[in-house]
Amino acid sequence: MALLLHRFITKYLIGQLSLKNFRKGKVLVGETFAQKILAKKSEKTRVEEDQFIRCRVDGLLANDTTSRLMLESFNKMNRDIAEMPEGCSIYFDHYTPPPSQDAAINHKIIREFCYTNNITLYDVGRGSHLHVPIEVGQCRPGMLFVGADSHTTVLGGIGAFATGVGSTDLASVLATGELWFRVPPVIKIELKGQLSEYVVAKDVMLEVVRRLTIPGGRYKALEFTGEAAKAMSIESRLAIASMAVDIGAKVGFFEADEKTEAYIKEYTDKSYDYIKSDPDANYEQIVSINVSEIEPLVAIHPRIDNVCPVSELKNTIEVDEVYLGSCTNGRLEDLEVAAKMLKGKSIHQNIRLVVAPQSQIIFNKALEKGIIKQLSEAGAIILPCGCGPCSGTHLGVLAPEEKVLSTGSRNAPGRMGSGKSQIFVASPVTAAATAISGKIEDPRKIGWGDIRC
Amino acid sequence: MLDKYSGKVIKLGKDIDTNDIIPTRFLMYTDPEILAKNLFCEVDPDFVKRVSPGNILVAGSNFGCGSSREHAAVALKAAGISVVVAESFARIFFRNSIAIGLPVVECTGVSDLCEEGDELEVDVYQSIVYAKGQVLEGLKYPEFILDILEYQGLTNWIAEKRDQILKR
């Protein structure tokens with residue numbers, strides 16, 4: 001088998017190099033970030049697009065929906081846990097605290113596996129596996145991370161090559177420290193201009209989703225560049241990177257810079273690599289977006305690429321619930337900007353506003369800054385840290401015919417409860433405006449809250 | 001050698017989301033029977049009545065997009081789907097199917113050609129689909145993927161061959 005694999009790779013690599021470079025009339029063009037990180041992790045001098053390789057993985061993540069299948073597959077493999085630089089961590093964030101006996105049993109089984117095998121467990125309340133790895137210094141720029149969750153792409157916001165896989169794939173990493181990859185072609189997304197007031201990173205990503213559509217990034221990596229990307233906070237970059245998978249992409253990458261360094265340094269002194277694409281790297285496609293032209297957007301049920309400006313909605317869409325949270329929009333700046341809208345106001349009487357911070361650290365910061373108080377005084381329900389409502393596991397589950405304005409990343413039927421409910425996805429700013437108005441609302445019509453409060 | 005599969009077609013559309021295949025609230029279960037019973041329960045409750053063992057699932061492009069849940073592939077396999085043929089697959093579903101030993105074939109034109117109830121034959125090793133007297137060629141797999149499928153998934157593959165496949 002090793003021989004076969006070697007033969008295949010050699011043949012493929014030689015074919016790739018000669019054909020591609022013959023066509024380009026060059027010896028070798030520059031490399032994308034994906035080529036650089038994957039070459040390094042596969043201990044090759046260079047890898048090419050669509051090449052299959054085996055890589056050493058820096059670390060892996062799983063949550064309470066995916067880790068039980070992982071441990072069952074791992075146990076059947078009958079192997080010891082492989083050494084990895086950043087190890088394996090499991091996070092309880094979907095059924096937290098457990099809403100049923102079955103969910104509690106699920107936690108108990110996973111917890112025992114962690115204790116027996118000396119795996120780090122972030123138990124109920126610590127937060128999401130899509131944010132806590134940054135806070136504990138486990139995931140850093142330049143690293144190759146895999147997670148049994150599709151939104152693992154979020155960690156590309158700090159310059160990691162991070163991607164989602166399934167549970168048995170992850171079990172194989174646990175047993176070997178390695179995984180097979182196909183080197184993704186890269187789509188460069190240049191973000192130019194400056195965001196208007198009331199427009200945030202989520203609106204930018206919804207515009208990207210609208211342009212590329214659900215299958216538009218399938219098997220590709222997305223790299224976000226340009227002045228507007230540089231100007232974004234790390235939390236904004238994480239929001240954008242999280243949704244790379246929602247157009248099928250393997251990775252959503254922002255080159256690490258001084259902002260990344262400042263953000264990471266708050267949590268860890270551990271070292272990391274700044275890896276960036278060469279100026280003459282080969283991009284499969286370049287998409288240029290002037291973010292100055294973007295206005296508050298909404299993705300209309302039942303497709304995330306069914307995006308239109310809130311101002312152009314033809315009918316009034318009254319909603320039953322507004323959800324502020326998720327791996328896309330459950331961070332401090334999201335809570336802060338929603339609180340800025342809600343300050344001194346009350347939510348509509350027919351609305352339930354559910355808020356789930358991504359981590360305990362974020363919750364505590366929001367508490368210190370008075371954000372939680374402002375949200376609560378406006379009528380919000382503050383939920384435990386985690387992912388419950390976005391995934392429909394518990395807390396804020398929808399009945400048939402109900403509608404929700406969600407700051408999550410998905411609106412497929414049944415995602416947040418009944419298959420007959422409807423999900424509309426928008427930014428935290430639009431979410432807050434909607435909570436006040438009772439219908440999907442353009443935040444520019446509502447305006448910021450009372451600044452004197 | 002991987003088997004040739006033949007069976008009746010169950011047809012689905014494009015961009016089928018794993019969240020539709022099996023909703024998140026079932027992810028606390030790993031029993032394949034429980035998962036199979038709840039396939040498409042929110043959006044297409046009759047699906048389970050249409051499926052019988054040996055059926056071949058034919059779908060449009062980007063099959064299995066969305067969540068990484070391996071439960072989706074496990075549920076389809078447990079319901080008796082022998083092979084999934086689609087115009088294209090979302091990458092995590094594709095990986096998961098290989099990992100659990102559910103053969104998947106990416107084949108352009110299959111969705112237009114086949115209707116629900118048609119008889120189909122699929123040669124997974126050669127990536128060839130025979131339908132209505134036509135022969136469609138699918139995407140060829142690298143040898144190591146065929147090898148994983150021959151071992152009926154990564155679990156056996158790693159258990160048997162870990163030391164051979166390691167980089168160092």
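**A buried loop glycine and its surroundings**

Reply: Let's start with A:Gly330, which sits in the loop between α11 (326-329) and α12 (332-342) of chain A; helices here are DSSP runs of H or I with at least four residues, strands are E runs of at least two, and both are numbered from the N terminus. A word on the model: it's predicted, so local features need pLDDT of at least 70 and side-chain atom pairs count only at pLDDT 80 or more, while totals for chains, interfaces and linings use all residues. Residues are numbered from 1 along each chain as its sequence is written, and chains are lettered from A and ligands numbered from 1 in the order in which they are written.

A:Gly330 counts as buried because 34 other C-beta atoms lie within 10 Å (20 or more means buried, 12 or fewer exposed, in between partly exposed, with C-beta atoms placed from the backbone). Leaving aside residues up to four places away in sequence, A:Gly330 touches A:Gly325, A:Ala356, A:Pro357 and A:Gln358, where contact means backbone-placed C-beta atoms within 7 Å. By contrast, 36 Å separates the C-alpha atoms of A:Gly330 and A:Lys76.

Elsewhere in chain A, helix α2 (residues 33-41) is mostly covered, with 7 of its 9 residues buried. Among them are A:Phe33, A:Ile37 and A:Leu38, but also A:Lys36 and A:Lys41. After α2(A) comes A:Glu43, with a positive phi near 55°.

As for the partner chain, 53 residues of chain A are in contact with 44 of chain B. Elements giving two or more residues to that side of chain A include α1 (2-24), α3 (67-77) and β7 (178-182).

Definitions and conventions: Contact = placed C-beta atoms within 7 Å.
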